Every structure is written in structure tokens, then in C-alpha cells.
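Q: Could you take me on a close look at the surroundings of the ligand in this structure? I'd enjoy a connected walk through that one part.

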Amino acid sequence: MTALTENGPIDRDSLSPMDSADPLAPFRERFLIPDDLIYMNGNSLGPLTIAAKERMHSVVINEWGRELIRGWNTAGWYDLPCRLGDKIGSIVGAAAGETVVCDSTSVNLFKAVAAARALRPDRGKVVTESGNFPTDLYVLDGLQSFSRENIELDVRQRDDVTAGIDSDTAVVVLTHVHYVSGAIFPMAEITKRAHDNGALIVWDLSHSAGAVPTNLNECDADFAVGCGYKHLNGGPGAPAFIFAARRHHETMRQPLSGWFGHAEPFKFYDEFVPANDIKRLLCGTTGVLGATALEAGVDQILEADPDEMSQKAIALSGLFQRLVTEHCGEFGLESRSPPDARNRGAHMSYAHADGFAVMQNLIARGVVGDFRAPDNMRFGFSPLFMRYTDVFDAVEILREILTSRSYTAPRYTETRSVT
Ligand SMILES: *Cc1c(COP(=O)(O)O)cnc(C)c1O
């Protein structure tokens, strides 16, 4: 890759050679992204892949259409949660048989935290971060109110989280890459602190999987969950994944004991006997269509070099940051992300008093990021389909919008249900 000079202005022409030399550049052709868009939201909804489009057609027409109920055996539907779980597991540093695909991230978090809590019956404290992704906090709140055993939630400021992990702690629940700032928690270090205090840990990898190198087993993590529709490109509302370290498989129990988690679901027994492996984290029937699209998205990532992906995400986000400082410095944008791109995942946020309207204006101009209340504009840097020149063009459009104040037009301040 051609390196940029450390100082001095960057012109667009100096970025084209970086795109040409980019080892990941061929991956862009696998995605169906409209030509007139600079898509900076792969961290929120990954774009459609050609593979997913083709697999969806085939699963609907050939498998559902022709195989019908036989497809559970003949088309591999029954094995899908484990087969796809293993593929995702290989991306996040799990061994085969430690990850399954099912349900949503929210539901999987409920199962994972309940299972971890039950493995520490003599302790009641669950430590998490304030400002964590809201569903994580809401799920903990729900779990607390439905638990027979007492659960004390200890919700702490980010820099105070580790101090809260002590000998009363049953479970630590943290998101590896923060959904607004992109800040990365040191997974190995915090996991060790939890274990040194006799606690278990549940990592939410929603913004990590497919973007940031993650090694659950090297860190000795206990449980993890994560999202299928973000960097894994599984499509809107794709199923999520859940991981449990092998050492917990025989003792862990989770409260959503449905028939797919049974040792012998097709014996139709009255009593629930959990499967003796990772399948005990399943609940009900697999959403085959959604999981099929996710498998196609994941297959693309499996072909990419994870180090190249992470280096490029860092380079793209570092470039964006430098260009924003250079070209938009006078407009009161305030970075909400760690200053060094190596310390954040594949997205970053800028606060602006009119952030919502500026983002709506950007979207209308074909630069698609998103907005996170109260005032954050969030930009994603997906290494498999973004180009360095895209970053340049996006910042130019941002500068035009801020200079002209076109975002003050009433149509950009109308609120919508999804931001
Ligand atoms: C996106 C995200 C989720 C999503 O949860 P769903 O149940 O899929 O809606 C959960 N946690 C974090 C940290 C996320 O970033």
C-alpha cells in the first residue's frame, strides 16, 4: 500500500494509487451497492452480497419450493445453526462446536447472562457499562426483574468498570467495541480481571465480528453474543450468534429451554433434557431464510485476510479523521472517538449541534451514515467495500453541506422512526 505523507494536505489523486494497491479491493465487486452511494453504514446494516442474492433465490425456489419439509434433512437446514456457528466462531476465535446461530442478539444476551449467573449461584452482582448499547441494559433490567435469585446491577462509567469487578461479582457484561465511539475494551485484560475475582464474563461482539480481530479463546472468554446484520452482512434482522466456552457446556443452563435445545427433540418427550453440547443454547426452530442470507455474507469474510481487514479499517478511519480536521475544522465537529484509529473499531462518531440535520443532508447527497442521539453522526469504515477515494469524496460533501448550511432546510430536520 502506498503510504501517505505524515503532514500536509491530502489530494484525491494521491488516494487513487492506494485503492489500486489495496489487496482487498476485489472484494468490492462481491457487493451490490448502488453506484451513487458512499455507504458508510456497514457497521449498522451490511450491504447485500451477490452471493446472498443468489443463495436466497435458491433457498426459496429450490429448497423451500421443491424440497418442502424434506429440506430439514436434504438441504442441511437442521445443521445450519451449528454449521454457520462454526464459521462465525472461526472469525471470533472460537473452536468448532462453541458457537451457534439463532435468535436476536438481545435474546441471546438474555440466555448468556442467565446461564453465566446460574454458574455463580452464590453471587448476585452483574457489572456493566452505562452508555452500553441500550438493548444490553434493557435485557439486564428484564433479567433482574424475572430472576428468582437476587441480581444486583452495577452499572458503571466506562473508566470505572474494572474497579467494579470484585469478589461479589457473578458476571461482567461488556460490549467489546462501543456502538457510538468505537472504543475497544481490552478483552484479554478485563476477562482476566473477572476470572481473578471468580466472576464470569459475557462479551457482546456486535460491532467487532467481521471488523476487529477478536480471539475469544485466547482471552479465555466464557460467553459471547453478536449481531449478524452488521459487519457480517447477513441482511436486515439477520439471526445473531452465541458462544459458550467448551468448559461450560455440561454445566450451563439457560432459561429459554425450547425443543431445539433438547438432547433429542424428535423423541417428543414431556421432560426437558438439555443437549449435552452448544445446542443447549438454542431455543426454537431456526429461521432458515435469514440464516441462509447470513451464511452467504459470512462466507465472503472467511475469504478475506483478517489482518488486512483490520489494517484497512484503521487506515480508512484515520484518513477520515485527518480529512475532517483538515477540511471541516472550523465547523464545530467534535470527535467522540478515541483519537488513535488503532484504538477503535471500524466506525467513529462526531458530535455536532445540528448532527441530525447534517446527517439527513448527507444521506440526501448519497453519503449514508447514521445518527445516534443526542448529537452523534456515526460513520462506518467497512474494509471489504470502501475505497480511500470514497472517504475523500464523503468529506468533500460534508464540507459543502457545512459551508453552505444547506442542512438548515426544514426537510432535513423531520424526525423518522429509525435514525
Ligand atoms: C446492534 C447491537 C445489538 C442488536 O441487538 P438486536 O437484538 O439484534 O436488535 C445488540 N448489542 C449491541 C452492542 C449492538 O451494537
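A: Happy to! Please keep in mind that this is a predicted model. Sorted by class, the shell around the ligand holds seven polar, three charged and two nonpolar residues. The residues surrounding the ligand are Ser104, Thr105, Ser106, Phe133, Thr135, Asp136, Thr175, Asp204, Ser206, His207, Tyr229 and Lys230. Two helices, α5 (105-118) and α6 (134-146), each supply at least two residues of this shell.

Asp204 has a polar side-chain atom 2.8 Å from a nitrogen atom of the ligand. Asp136 also places a polar side-chain atom by a ligand nitrogen, at 3.0 Å. With Thr105 the backbone takes part: one of its polar backbone atoms is 3.4 Å from an oxygen atom of the ligand. As for how much of the ligand is covered, it exposes 390 Å² when taken alone, and the protein buries 88% of that.

While you have the model open, have a look at helix α8 too. This helix runs over residues 288-302, and its 15 residues reach 20 Å from first C-alpha to last, close to the 21 Å expected at 1.5 Å a residue. Among the buried ones are Val288, Leu294, Glu295, Val298, Gln300 and Ile301. Their cover includes the helices α2 (50-67), α3 (71-74), α4 (80-92) and α9 (306-328), together with strand β2 (99-102).

Key. Residues numbered from 1 in each chain as written. Predicted model: local features only at pLDDT ≥ 70, side-chain atom pairs only at ≥ 80, totals over all residues. Heavy atoms only, no water. Near = heavy atom within 4 Å. Polar contact = N/O pair within 3.5 Å; in protein donor to acceptor, adjacent residues only side chain to side chain. Areas by Shrake-Rupley, 256 points an atom, 1.4 Å probe, with all protein chains shown as cover. Helix = DSSP H or I, 4+ residues; strand = E, 2+ residues; numbered from the N terminus. Nonpolar A, V, L, I, M, F, W, Y, C, P; charged D, E, K, R; others polar. Expected span 1.5 Å × (residues − 1). Buried < 20%, exposed > 50% of the residue type's maximum accessible area, 1.4 Å probe, protein only. Contact = heavy atoms within 4.5 Å.
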